[in-house]
Amino acid sequence: MAPSASSFRSISFITCVADAPEYAACRASIAALDPCGLALEVLPVDNAGNPRSAPEALNLGWSRAAGDLLVFCHEDVVFPREWVGKLLEGIAALEGLEPPWAVAGPMGRAGKRYFGHASGPDGAAAYHGPLPARVETLDELCLVVARALPLRFDERLGGFHLYGADLCIQAVEAGLAPYAIDAPCRHDSATRHRPPEYHAVKRRLQRKWMFRRRKVGRSVGTTCGRIRFGILEGWI
Ligand SMILES: [Mn+2]
């Protein structure tokens, strides 16, 4: 059974921070949130110079977090003041759905469609409804889990991409599901470039799930594109 929204008393906001000046706006927005009666914890994981991969940094945050609800967000995300209320309403809207929710977030993809509600640097909000929506994966800009979820980011993937897609696939394999919810935030990422490192992580994700997938389909949509778990590139 998924935990209900009313059971959460505290939230930890965990961010892998490589660029402290960029994170300043994120941190300030968390400090300005209406906590809706909950205790909020700000938990940056210092990763200047990138000594850790994103999964390693975020798992370290997970192990240190005191909140019973965890929000993993990019350092270039800015939350509106009313976001905690939106988050709790979004989670409440998942109660009773099957499969139970394991990971929630403001932006995801199912098939060829995006589902979510977020804005870019210009502040113009894009709504892709209806919400909530069961999705295949969620964008790493913001991922929400219960601290008690018996899953972790896969440190063998390394790098800084697709760790959220992997967590969503793990959830599906465990009989749970990722859902996009109506809890909009702003993502100040100017471009959606895919550095060479993205492709290396993508290949590791494909190798991981092509052999182990059971409930996961032959491919999943991510906000960076579709990833196939059938024949791998370069394989005969
Ligand atoms: Mn970002």
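1. Against which strands and which helix do the buried residues of H2 pack? In this predicted model, they pack against strand S1 (10-17), strand S2 (39-46) and strand S3 (69-73), and also against helix H4 (163-173). The points below begin with the chain as a whole and then return to these elements.

2. The chain contains five helices and 15 strands. Its radius of gyration is 17 Å, close to the 18 Å that the globule rule gives for 236 residues, and the chain is therefore as compact as a globular protein of that length. Along the principal axes, the C-alpha trace spans about 55 × 45 × 35 Å.

3. Of the 236 residues in the chain, 41% count as buried. When contacts between residues at least 6 apart in sequence are considered, 79% of them join residues at least 24 apart.

4. Helix H2 covers residues 54-64, and its buried residues are Ala54, Pro55, Ala57, Leu58, Gly61 and Trp62. Viewed down the axis of H2, these buried residues fall within an arc of 165°, so they line one face of the helix. On the other side of H2, the exposed residues include Ser63 and Arg64.

5. Strand S3, one of the elements that the buried face of H2 packs against, has five of its five residues buried, so it is largely enclosed by the rest of the structure. Leu69, Val71 and Cys73 point one way from S3, whereas Leu70 and Phe72 point the other way, and all are buried. In a regular strand the side chains alternate between the two faces of the sheet.

6. S3 has pairing partners of both senses: with S1 it pairs in the parallel sense over four bridges, and with strand S11 (residues 142-146) it pairs in the antiparallel sense over five bridges. Ser12 stands opposite Leu70 in S3, while Phe72 stands opposite Leu143 in S11.

7. The largest nonpolar core has 62 residues, and those with the most contacts inside it are Leu70, Val71, Val103 and Val144. Helix H4 gives the most to this core, contributing seven residues. In soluble globular proteins, nonpolar side chains tend to be buried together. Leaving out residues up to four places away in sequence, Val71 touches Ile11, Phe13, Ile14, Cys142 and Val144.

8. Cys73 also lies in strand S3. Apart from its neighbours within four places in sequence, Cys73 is in contact with Phe13, Thr15, Cys26, Leu141 and Cys142. Cys73 and Ala133, by contrast, are 60 residues apart in sequence and 20 Å apart in space, taken from C-alpha to C-alpha.

9. Helix H4, against which the buried residues of H2 also pack, is mostly covered, with ten of its eleven residues buried. The buried residues of H4 are Tyr163, Gly164, Ala165, Asp166, Leu167, Cys168, Ile169, Gln170, Ala171 and Val172. Just after this helix, Gly175 takes a positive phi of about 85°.

Key
Residues are numbered from 1 along each chain as its sequence is written. This is a predicted model: local features need pLDDT of at least 70, side-chain atom pairs count only at pLDDT 80 or more; totals for chains, interfaces and linings use all residues. A residue is buried if 20 or more other C-beta atoms lie within 10 Å of its own, exposed if 12 or fewer, and partly exposed in between; C-beta atoms are placed from the backbone. Helices (H or I, at least four residues) and strands (E, at least two) are DSSP runs, numbered from the N terminus. The arc is that of the directions from the helix axis to the C-beta atoms. Two residues are in contact if their C-beta atoms, placed from the backbone, lie within 7 Å. A nonpolar core is a set of buried Ala, Val, Leu, Ile, Met, Phe, Trp, Tyr and Cys residues joined through C-beta atoms within 7 Å. The radius of gyration is taken over C-alpha atoms; the globule rule is 2.2 Å times the number of residues to the power 0.38. Two strands pair if DSSP finds at least two bridges between them.
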